[in-house]
Amino acid sequence: MNLKLRIKNLLLILFILNSSFLIFHSKAFAQGTSLGVYPPIFQIDATAPANIQAPLTIENQGNDPVNLRIEFRPFVSSDQEDGQIKYIRELEANFEDPLIFQRVKIFDGANQITTLSLSPQQKKDLTLRIDLPRDEPATDYYFSIIFLSGENPSIESNSSQSVSGIASNVLLSIGPKGKANGNIQEFSSPFLVEKGPVPFTIRVKNTTNHFISPQGNILITNIFGQTIGRVDLAQTNILANTVRNNSSVWPEKFVLGAYKAKLTLALSDSGPIYKRDIIFFAFPFKTTAAILLGLLAIIYFVVKVKTKL
Amino acid sequence: MKKILFLIFLFSIYCLLFTISANAQTMSNSSYIIKMGNLNDASGDVSNSQYKLSETVGQTSPGLYSGTNYLVKAGFQYVRPTGNIAFSFAISQNIIDFGVITPTNPVTRTTNLTVSAGSAKGFTVVSSENKPLTGIGGTIPDTTCDLGTCNSSKASAWTSSLAYGFGYRCDNISGTNCASGFSDSFYKAFALTPSLQTVMTSNTGGTSRKSQLTYKVNVSGTQPPGIYTNIVTYIASPGF
C-alpha cells in the first residue's frame, strides 16, 4: 500500500512539474544574426536602354530563421579616401534620375521581392535587375543593396533590440562614357629610410563623372640603374570626381643607398597613362651607429690596456 | 494500479496535445547546404538572348555578365586577385536585456560584432538607434558622459555614477577595427536615425574581425519607473 502511494505521489509530482514547464515557459529569442552576401560589389557599365541582370546570393549563416527586408541606400566615398563608403540620404544624393531606385529590383526567380525569409543556414540565389529606359541620362549612381533583419518580439524588460544589415555595393555607370581622366595627386615615400619595407603613398584623383579602375605598378631601380623591385598596385575603383589613396609597400627588407621609384599608372584599359618618379635613400643609421660605438669602445679599451702595459 | 495507469495515460495525452513546436537548429535538404567558408558553388556557362554568364567552376556569382548595352563585373576578382569570398557580418545578441535598472547603479551588457570582409578590401559597420531608451514614463536620454562632452561622434570618460544616460563603447577583440576615440572608460551615444555613426572600420579587410560593444545605462532617482526599450540598427558594408 505504501509503495503504491509513493508511486502515485511521485507521478503526481512529475505531472505538476511537467505541467509547470509547459505553462510557465519563458519565450526564447534568437541569440544573434549572421548573414553573408555575394558579390560584395557590382561594377556596371551600361548605355541606355539596357535591361541589366546579375545574380546575387544572400545566406543566413546563423542557426535561427531570419526575416529580411531589402533597401537601397546611396553612398559617397568616405572622407578618408580609403575606399570605404559613407551613406547619405536619397535627397542628398541629388540623383539625375530621381526614379533610379524604382528601376532597380531584386527578383527571386520570376517574382520581384522586397522581403524574404531564410531558414537556418539557407542560401538564396537572387537576381539584381536594373531596367534603364532609352532616355536615361549619362551619369553614375552609387548605392548599396541592404538586407536588414526584422525586429524581434519585444520582451517585458528594459532592453535594446539589435537589427543587423549587410550590404552589397553597386557602382552603376551609365554612358556613353568619355575618356578616363584624372591625375596623380601624390606619389611619395619617406626620403630617408632606415630599413625596408618601404611604404609608398599614392593618391589619384578621378576628374571625370564616371568611376574608373586604374591599374599600375612601381619599378624600383638602384644607383646603377638596375631594376631590383616591382610593386603591382592593387586595382581599385575611384568614384567620380573623388580622390583615392592607394598606398602600397615595397616589401624588400634590406635596402642601402639611393633608389629611384617609378610609378606608371593607367587610368583605364585604354589609358591615359601617367608616370611619376621619386628618389629615396636608405641607410641603416642605427646599426651603423651601434657598430661605430662598439668599435670606439674596443679602441678605447685597447688603448687603455696598452697604456697600462 | 488502475489509477496510476489512468494518470500516466492522461499525462501522455496532455504532453501530446500541449507540446510547443521546436525548430531544428540546423537543417539540410536540397534547398539548404551545410555552412561553408564562402558562398561558392560549382557553376557553368549560362546564357540567353539577354545576357551571358561565363566563369570558372567554383563560383556562384562569378564575375562577368554582359548583355545588350551593358557589362557587369561582380565581385572583386577583376580588381583584386583574392578570390570570390562572401562578405559576412554577425551580431551575437539580438536583444540586450538590461534587467532591472536601479538609480545610480550603472548596468552594462555586451554584444559582439564580427565581420569577414572576404574579397572586399575593407569594410565599415555603421549604427543608429531609432530613439533613446523610451518607456511609458519618458525616456532615458543618450549619455553625454561625465562632463557633458560626449555625443554620437565623440567619446568621453563616463565613470561617475551620477552621470546618467544610455551609451556604448567599443573594444577590439580580433583586429583593431573599433572606431577611434574609445580610450579606457570612454563612451559614446548612439546616433539617432536617420544619422549613422561608424562603429567598426577597416581599409584592409580581413577575416573574423571581432569587436565587443558594451552598452551602459545609468538612471537618476527621478527617473520614472517603467520598461524602457529601443532598437539599434547595425549595417555592415564592404569597401569599393
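A disulfide is a pair of cysteine sulfur atoms within 2.5 Å. With that in hand, let's walk through this predicted model.

**Stop 1: the disulfides of chain B**

Across all chains the structure holds two disulfides. Number the bonded cysteines of chain B in sequence order, and the pairing reads 1-2, 3-4.

Start by selecting B:Cys145 and B:Cys150, whose sulfur atoms sit 2.0 Å apart in a disulfide. Turn the view until you look along the S-S bond: the link of B:Cys145 and B:Cys150 is right-handed, with 90 degrees about that bond. Are these two cysteines buried or exposed? Buried means under 20% relative accessible area, so B:Cys145 counts as buried at 5%, and B:Cys150 does too at 3%.

Now move to B:Cys170 and B:Cys178, which form a disulfide with their sulfur atoms 2.0 Å apart. Here the torsion about the S-S bond is about -75 degrees, so the disulfide of B:Cys170 and B:Cys178 is left-handed. Both B:Cys170 and B:Cys178 are buried.

**Stop 2**

In soluble globular proteins, nonpolar side chains tend to be buried together. To see this model's largest nonpolar core, which has 70 residues, select A:Phe42, A:Ile44, A:Ile52, A:Ile145, A:Phe147 and B:Tyr234, the residues with the most contacts inside it. Which strand gives this core its largest share? Color residues 50-60 of chain A: this is strand 3, and it supplies five residues.

Next, center on A:Ile44 and show its surroundings. Leaving aside residues up to four places away in sequence, A:Ile44 touches several residues of chain A, including A:Ile52, A:Leu128, A:Ile130, A:Val170 and A:Phe211. Bring chain B into view as well, where A:Ile44 touches B:Leu71 and B:Val72.

Apart from the core of 70 residues lies another core, of 24 residues. To find it, select A:Phe187, A:Val204, A:Ala261 and A:Leu263, which are among its members.

Note on methods. Residues numbered from 1 in each chain as written. Chains lettered and ligands numbered in written order. Predicted model: local features only at pLDDT ≥ 70, side-chain atom pairs only at ≥ 80, totals over all residues. Heavy atoms only, no water. Buried < 20%, exposed > 50% of the residue type's maximum accessible area, 1.4 Å probe, protein only. Core = buried A, V, L, I, M, F, W, Y, C linked by side-chain atoms within 4.5 Å. Helix = DSSP H or I, 4+ residues; strand = E, 2+ residues; numbered from the N terminus. Contact = heavy atoms within 4.5 Å.
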